[in-house]
Amino acid sequence: MSDRFERLGWKNKAFDTLNALFLLVLMLTMIVPFVNVLALSFSSGTASMQPDIVLWPKQFNAEGYEIVWKSLDIWRPLLNSVIVTLIGTTLHVLLSSLAGYVFIYPRLPGRKLMITFILITMMVPQEAIMIPLYVVNKDLHLINTLTALVLSGLVSGFSILLMRNFFLNIPHEMSESAKIDGAGEFRIFLTMYLRLAAAGLATVTLFEFVGRWNMFTAPVMFLSDSTKYTLQVALKAMIIDTSSNSGTYLVTTNVRMAGIVISIIPLLAIYPFVQKYFMKGILLGASKE
Amino acid sequence: MKILKRYGALYVMMVPVVAYFLVFAYYPLVKGLQTSFQDYKLMGDRPYVGFTNYNAVLHDSTFWDAMVNTLVIGGGILFFSFIAPLILALSLNEVLQAWYKKLTQMILYVPHLLSWVVIGGIWIFLLSPDNGLVNMLLVHFFHISPINFLSDPTLARWIVILLTAWKEMGYTCILFLAAIVSINPSLYEAARMDGASRWNQLIYVTIPQLGNTMKVVFLLNTLGVLRIFDQVFILRNPTVASKLDVLMMYTFQKGILEIKLGPAAAASFFILIITLALTLVVRRMTRFDEV
């Protein structure tokens, strides 16, 4: 906030140095654990079990990845996660933007009623209806299916309002003139609004992608058949349930860490885009509601 | 007719969303209320039993343990998830080098993107008494015997609270930073004219100007308190379960694991009512200050 000019003098310099150090320490609490995980995942099984501070692979090899992939069949939960994430995210974005588009018409009869209808769903935490949701899924024969996971959180009030905010930035006259040219609502929505609100689409897509990839409560509730497990549930079984040495056989540390690394890769891959769009989305979502 | 012709397509566009919310939000809500008054079995008769389920929950000491845990852990998370990002934002704001600021933000945001399974898995390992990094460092530098963090009830609660604050601070700090950036620069100029030091500018300009954002963050955090689940589910173990299990965990255990759906539904409604009450109170409180 203050200019460089003002920052001469040893007191200011000392403060700036301490401040930078403070942030460095915070960063290290994030960097060191991940470096540790990465290094261990590329170490040999026996080396990874030694009590030692590991920030570089010991006895470098990819045995951890081989075991986690071939013996522990992590490709199956990985595939399930990919399916649920891709289908769920696509549908979520499409349905939420459809509803968001509807709300840009200020004179639409019944608009207020529909907004209230959506706001109420936002007031009720998903967790509070966990038990009846389980019953509903059971009645629909969706327990132990990936469909249950796709349906969980398929639409959200948050995304609808977020999309609406992005659509509101598009001048209304555009759709008016398109209508005079004879274009229907669906066409205007698909060809104009979705294209012009690309940043909004990207934001909601990323939010949803991350949310679905990390989805945990729903799969824990709806799945008991281990062939349907998603990555998070499989990881939990592999990493956490075995660390209290109750597992049937010992999973070495390098294998566990390899599992963690595999599950993080998709998230790191989209991180550059996240940086670009999240900020905007978070602020839009928090300011107007 | 005219309305239908003009707006018909828009109503059609709303149909899937309305249908979804009816089946997966409103119906479960009603169904849950109904279930809480029933002796609910997955098969056969489901007689209404009045307030029996609610009574059973209120007389269950595990429920009260869970309530206490929720208040203690939730309160801790509420405090630290508020103060940590605030300090972080203020600290970042003082950084002059744009690249360093950007780098810090980029790195501190990462834990928010990762699931509790990953975060919990990493920290359970780091904190383990056998070959965890934290204990190795402690033993190396302070020559103490390894601490079993997650087997000690008090420590385990602290770990849950601090890890949650740590995971989310990079995210929440964005809200504060955005608010700081939008503070009118002339306020700082005026303060400097009056000879205000950096510290004074922070205390008398920046922090008061953040009032509204603080309210928003506090409100958002309050809503999350009763929903704490993933981190507890991941970090708990039989030794500390009675000191960690929060209300959501109680519902999960009753409903999904023990299949006592009636009492579980009753417990859910307590959560719902408390959440709504808490929301109202916080809204009232934050609005009061605005007048």
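B:His143 sits in the loop of chain B that runs between α6 and α7 (153-181), where helices (H or I, at least four residues) and strands (E, at least two) are DSSP runs numbered from the N terminus. The phi angle of B:His143 is near 55°, a positive value in a residue other than glycine. Most residues other than glycine have a negative phi. B:His143 is also exposed, with a relative accessible area of 67%; here buried stands for under 20% relative accessible area, exposed for over 50%, and partly exposed for what lies in between (1.4 Å probe, protein chains only). In chain A, A:Asn144 likewise has a positive phi, near 65°, and belongs to the loop between α6 (130-139) and α7 (146-151) of that chain.

This is a predicted model, in which local features need pLDDT of at least 70 and side-chain atom pairs count only at pLDDT 80 or more, while totals for chains, interfaces and linings use all residues. Residues are numbered from 1 along each chain as its sequence is written, chains are lettered from A and ligands numbered from 1 in the order in which they are written, and side-chain values use heavy atoms, with hydrogens and water left out.

A nonpolar surface patch of about 1000 Å² draws on both chains, its members including A:Leu18, A:Ile31, A:Val35, B:Phe141, B:Phe142 and B:Ile144. Such patches are made of residues with over 30% relative accessible area and no salt bridge, nonpolar side chains (Val, Leu, Ile, Met, Phe, Trp, Tyr) being joined within 5 Å and like charges within 9 Å; the accessible areas come from the Shrake-Rupley method with a 1.4 Å probe, and for residues only the protein chains shown count as cover. At least two patch residues come from each of α1 (10-41) of chain A and α6 (133-142) of chain B, and α1 of chain A gives the most, with six. A:Ile31 lies in that α1 helix of chain A and is partly exposed, with a relative accessible area of 32%.

How many residues of chain A are in contact with chain B? Counting heavy atoms within 4.5 Å as contact, 103 residues of chain A touch 90 residues of chain B. The area buried between chain A and chain B, meaning the accessible area (1.4 Å probe) that the two parts lose on being put together, summed over both, is about 8800 Å², and carbon and sulfur atoms give 77% of it. The count of salt bridges between chain A and chain B is one, the term requiring a side-chain nitrogen of Lys or Arg within 4 Å of a carboxyl oxygen of Asp or Glu. A:Asp16 and B:Arg198 form a salt bridge through their side chains, at 2.7 Å from N to O.
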